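Please keep the sequence and the structure in view while reading.

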Amino acid sequence: MKEDGYNDYFLAGAVLIAAAALVLVIASLSDRGDLTSATLVLSGITSFIGGVFLLTLSKGEPFDPRYVGALPAAGTINLSRVASDLGLMGDGVYLPRETTRPPLQFIPAGSYHGVPVRDDFSFATDDGSEGLVFVPMGLPLLEQLKREARLMVPTDEQDLLTCVQEVCSDVLEVAEHTVAERSGEAVVVTLEKFRLLSCCTAVRAESPKCCTMVGCPFCSLVACILAEGFQRPCMLSKVQVDERRGDLTVVYSFPG
């Protein structure tokens with residue numbers, strides 16, 4: 001069942017050791033005993049040491065992201081099913097923290113009209129705000145980033161978009177490259193070589209509506225950051241997956 005592979009450190013170390021062996025063989029066969037041969041021997045020894053050093057770093061990933069990415073899929077799917085069984089049809093709205101309540105996610109019965117939502121019940125029943133209220137799936141991760149990585153969510157738009165890019169690619173390292181940019185009234189986040197794409201595949205196999213209604217912890221995390229930075233309700237309005245290239249594109253809008 002286990003799939004063996006070679007990471008970049010292993011390949012680089014192997015290449016250096018092979019090159020060292022080749023250089024030393026050439027120096028031995030030439031047997032010139034001059035400065036050129038000495039330089040070849042020194043280069044070979046240096047390459048060998050460098051290769052051994054890289055091989056010590058060649059231990060594989062502590063986990064396979066393809067398997068780990070599938071872990072939260074069931075939670076997203078199950079909560080979406082509950083919301084659908086309750087007759088809710090709207091997309092999830094991420095509400096920023098306010099003085100009287102923590103950040104929340106709200107799935108309205110229909111369209112969201114900006115009516116205030118209380119945090120003391122899971123089911124909002126006030127006129128104009130009927131729906132399901134719960135803690136966003138990405139909020140615990142955001143709080144941990146604030147505690148342990150000292151993340152500070154900026155309020156300036158360009159700084160906020162840069163923050164999203166750095167969290168995705170530099171801190172969490174879930175994508176090789178991330179681009180967050182404004183597109184009209186929306187924000188488009190593109191993650192190249194997204195490492196947790198297995199979650200997207202599993203959730204979208206159930207229904208693409210699961211993404212916009214509940215969202216996985218990662219897409220929820222980005223929505224929480226945008227909602228807090230802009231201090232506006234945020235919605236995940238579109239998700240596009242390129243399984244061939246392994247890219248994920250998420251569009252966030254700001255109702256009201």
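## Two loop residues

K193 lies in the loop that links β6 (186-192) to α7 (197-206). Helices (H or I, at least four residues) and strands (E, at least two) are DSSP runs, numbered from the N terminus. The model is a predicted one, in which local features need pLDDT of at least 70 and side-chain atom pairs count only at pLDDT 80 or more, while totals for chains, interfaces and linings use all residues. Residues are numbered from 1 along each chain as its sequence is written, and side-chain values use heavy atoms, with hydrogens and water left out.

Although K193 is not a glycine, its phi is positive, at about 55 degrees. Most residues other than glycine have a negative phi. With a relative accessible area of 42%, K193 is partly exposed; buried means under 20% relative accessible area, exposed over 50%, and partly exposed in between (1.4 Å probe, protein chains only). Q231 sits in the loop between α9 (217-230) and β7 (234-242). Q231 is not a glycine either, and has a positive phi of about 55 degrees. Its relative accessibility is 47%, so Q231 counts as partly exposed.

## Strands around β7

β7 pairs with β8 (residues 247-253) in the antiparallel sense, over 7 bridges. Two strands pair if DSSP finds at least two bridges between them. In this pairing, K238 stands opposite V251 of β8. The two strands form a hairpin with 4 residues between them, and G246 in the turn has a positive phi of about 80 degrees.

β7 is also joined to strand β1 (residues 93-95), by 2 bridges, and these strands run antiparallel. Here Y94 stands opposite C234 of β7.

## A buried serine

S80 belongs to helix α4 (residues 73-85). Its relative accessibility is 4%, so S80 counts as buried. Leaving aside neighbours within four places in sequence, S80 is in contact with C210, M213 and V214. Contact means heavy atoms within 4.5 Å.

## The whole chain

The chain holds 9 helices and 8 strands. Of its 256 residues, 39% are buried. Among contacts between residues at least 6 apart in sequence, 58% join residues at least 24 apart.

The chain exposes about 14,500 Å², and carbon and sulfur atoms supply 58% of that area. Accessible areas come from the Shrake-Rupley method with a 1.4 Å probe; for residues, only the protein chains shown count as cover.
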